[in-house]
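Subject: Structure for you to look at

Hi,

Here is the structure I promised to pass on. Have a look at it first, and then read on for what came out of going through it.

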Amino acid sequence: MRSGSPEQNYHRFYSARNDVEIAVNALLMFCSAVAILTTVGIVLSLVFEAIRFFSFINPADFFFGTVWSPKFSSTTTNDHGQYGLLPLLTGTLWVATIASLVAVPIGLMTAIYLSQYAPRNVRAVIKPIIEILAGIPTIVYGFFALVTVGPFLKGAGALVGLDISATSALTAGLVMGVMIIPFISSLSDDILNQVPLAMRDGSYGLGATQSETIRKVLLPSALPGIVGAFLLAVSRAIGETMIVVLAAGNSPVLRGTPLEPISTITVSIVNQLTGDTDFTGPQSLVAFALGLTLFIMTLLLNIAALYIVRRFREQYE
Amino acid sequence: MTDLLGTGRKAANERTQLVRAGLRRRHRNEQAFRILGIVAICCALGFVALLFTDVLRKGIPAFHQATLHLDVTYDPTLLNVDPVPERTAGQSDADFNAARLAWQRSVAMLNWNKVVEAALRTVTPAGLEIDSRQLLTIPETNARHVIREAFVANPNLLGRTRSFDLLASANVDNWVKGNIDRELGDAQQQMPAQARALVDGWVADGTITQDFAWGLFTNVDSRAAPASAGLAGAFMGSLYMMLVVIVLAVPIGVASAIYLEEFAPKSRLTDLIEVNINNLAAVPSIVFGLLGAAVFINFFHLPRSAPLVGGLVLTLMTLPTIIIATRAALQGVSPALRQAALGLGASKTQMVFHHVLPVTFPSILTATIIGVAQALGETAPLLLIGMNAFVASVPGSIVDQATALPVQIFLWQGNENRNFFEARTSAAIMVLLGLMILLNAVAIFLRTRLERRA
């Protein structure tokens, strides 16, 4: 250690210490900026490439077009094909609707049973098993839908005289619903546990049965939270890719029934962008316009969901 | 409607009956509701069971594969090749290597199929007529490479016989496993009648057995020889990506959680970062793929199909998970610990890094492992940055062309040899799920162990 008066040593020590503080602070701040930079990067890249796409295709033709038939790049003609979003959007909505129809009742009833009825040890076993569903990679679900669920639905449909395509909105939606079950059930579970006990006890005190308490007291007061969970689940469903790539049939046509092959926004992003190296034509740039649409849709759903859930929490705090 | 407010015995009786009937109905409803809950749980559990049994039922057969046990003779009459060049005195290294390479080229030029055919003929029953083209559909097309490489490694084999375990072709494997309807006519069969009869005979006498498919783990993907397609390349690709994720996502994620939780002033900016991270966690994974394609590949011109780019994209995807989990862990640390450290004169940095962070270590570790497991199974963003290219080599670094386990599953499920690759794909899924279960088990084990000690 260098010599000096005690006072000098003191200052040297503390200025070094402050330097470390400042450096660490700056480093940490830089690291948390990465998250912001990621968002900025996503927004900028989507917006810039989408603008380039809209220089080829009129935005109105994109957002309100009913035909999706991109032509492969030809340098001689100016015909790029048609890029109507609506067939993809309806396909996406079909899948998301079916997925919610599967996941919401099962997920919600699971959460109710596990949080209100099940003994502690049963809950401790069943809850993690159901949560396994959330950890399975989506490619596995896609494969399962393609080779098992699709043919099964086709066969079941044939038995009752329905013509169900093996790869369809129904197949993809059903399997995606299974994927979302733990999502709905664990969020609803949290929310049901947040409803004050006093409300439940009050209902019991008035002589209501357990199910009456749940249906008439717990669920109505937990409703905003459950709606929030539902919105988060829907946002996950419309952004899901691999299940629909494998099992939805890849047929971008406006359909009135979910029993036929469809295509979704995510499927078209994959189709338009894989194998393409330079983003020069609308054929590949459209992926970014689709990505932007998807990003905005999921963002709005998430913001709405987070807002509703937060309001719900504040209500009981 | 009876008068509920009436007095007298009759009215009281009616009231009691009404309430009893109502109670019966209400208890029935209670029962029905409870059953509904059990049905929902059974549905969910049933899906888990169905998914796993389906994958196992399809995948387990693929771990054993029809294998030919052949004695291969390196017959000098078939292999007209010069002896391997010896180093002569005074020969330079370059000359010797050139001679050696020329020899290897001449070896590669030989017709190794003749050697394979001769080996197959030695075990073919005398009466059976089969032409060489049909005969050679039985072993997988890589058999000649295996035999040739053994010779290059040991040129003394010339004139001698060595026994080999060679993979049978995908069609033979299907046939032996009974995946092909034996009643179908010749026109619909993949293999000619003589080859089918020959294979049946070989199965009976033990020339073909179902051996454990080590190739599934040690080989790379192959189009020319589908029976030898393996996961080694995809596994290394995934491993490199996970390394990138761990090296980048953990320090950055933990650091930004520390900043937000311990250092950041409560300001609008911090609020913005917080909202931003929550939203980032819910952005569809495919959007991260678009980001990777536009920024990393198109703007920074990083190599396509490289684990580096895949790892970067997955890092950005995993960051929010790690940040959110680390923040939750930091929030759980008692303020008393912080105040005690500060009170003893520790600086804020010392307080965080010496006292708070070590306490949260188990939770951060668990969150990291779970985040990595999630990233391991992600497919969609990798398709957009070219990791679905066919790669027939094990990547040697993070900038080599590579694929990943989930992408390999995607590629195999699309293979036109459906019969063979359905099982292969399921086996690959079993490997992927096995790795994820392993990671999660490690996470749970470490958490319980470290928490007990803490």
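Let me begin with one pair of residues: His69(B) stands opposite Asp165(B), the latter in strand S2 of chain B. Please keep in mind throughout that this is a predicted model.

**The strands of chain B**

That pair belongs to the meeting of S1(B) with S2(B), the strand of residues 161–167; the two run antiparallel and are joined by seven bridges. S1(B), which covers residues 64–73, also pairs with S3(B), residues 208–212, again in the antiparallel sense, over five bridges. On that side you can find Leu68(B) standing opposite Ile208(B) of S3(B).

**Where the two chains meet**

The size of an interface is often given as the accessible area lost when the parts come together. For chain A and chain B the buried area is about 6500 Å², and carbon and sulfur atoms account for 76% of it.

On the polar side, 15 residue pairs are in polar contact between chain A and chain B, with both residues at pLDDT 80 or more. One salt bridge is counted between the two chains. It joins the side chains of Glu212(A) and Arg26(B), with 2.8 Å from N to O.

**Domains of chain A**

Chain A is split into domain 1, residues 1–56, and domain 2, residues 83–315. Their C-alpha centres are 39 Å apart. Eleven residues of domain 1 of chain A touch twelve residues of domain 2 of chain A. Between them, these two domains of chain A bury about 1000 Å², with 86% coming from carbon and sulfur atoms.

**Domains of chain B**

Chain B has three parts in its assignment: domain 1 (13–60), domain 2 (63–213) and domain 3 (232–453). The C-alpha centres of domain 2 of chain B and domain 3 of chain B lie 45 Å apart. Eight residues of domain 2 of chain B and seven of domain 3 of chain B take part in the contact. About 590 Å² is buried between domain 2 of chain B and domain 3 of chain B, 55% of it on carbon and sulfur atoms.

Here too the salt-bridge count is zero, while one residue pair is in polar contact, both residues being at pLDDT 80 or more. Which helix gives the most to the side of domain 2 of chain B that touches domain 3 of chain B? That is helix H6 of chain B (residues 170–176), with four residues. By class, this side of domain 2 of chain B has three nonpolar, four polar and one charged residues.

**A few local details**

Over all chains, the salt bridges come to 16. One to look at is the pair Lys10(B) and Glu14(B), whose closest N and O atoms are 3.8 Å apart. Both sit in helix H1 of chain B (residues 9–59), and because they are four residues apart there, about one helical turn separates them. An α-helix has 3.6 residues a turn, so residues three or four places apart point the same way.

Finally, both ends of helix H13 of chain B are worth a glance. At the start of this helix (residues 335–343), a side-chain oxygen of Ser334(B) comes to within 3.0 Å of the backbone nitrogen of Ala336(B). Just after H13(B), Gly345(B) has a positive phi of about 95°.

Best wishes

Terms used: Residues numbered from 1 in each chain as written. Chains lettered and ligands numbered in written order. Predicted model: local features only at pLDDT ≥ 70, side-chain atom pairs only at ≥ 80, totals over all residues. Heavy atoms only, no water. Buried area = accessible area lost by both parts, 1.4 Å probe. Salt bridge = Lys/Arg side-chain N within 4 Å of Asp/Glu carboxyl O. Polar contact = N/O pair within 3.5 Å; in protein donor to acceptor, adjacent residues only side chain to side chain. Domains from an automatic or database assignment. Contact = heavy atoms within 4.5 Å. Nonpolar A, V, L, I, M, F, W, Y, C, P; charged D, E, K, R; others polar. Pairing = 2+ DSSP bridges.
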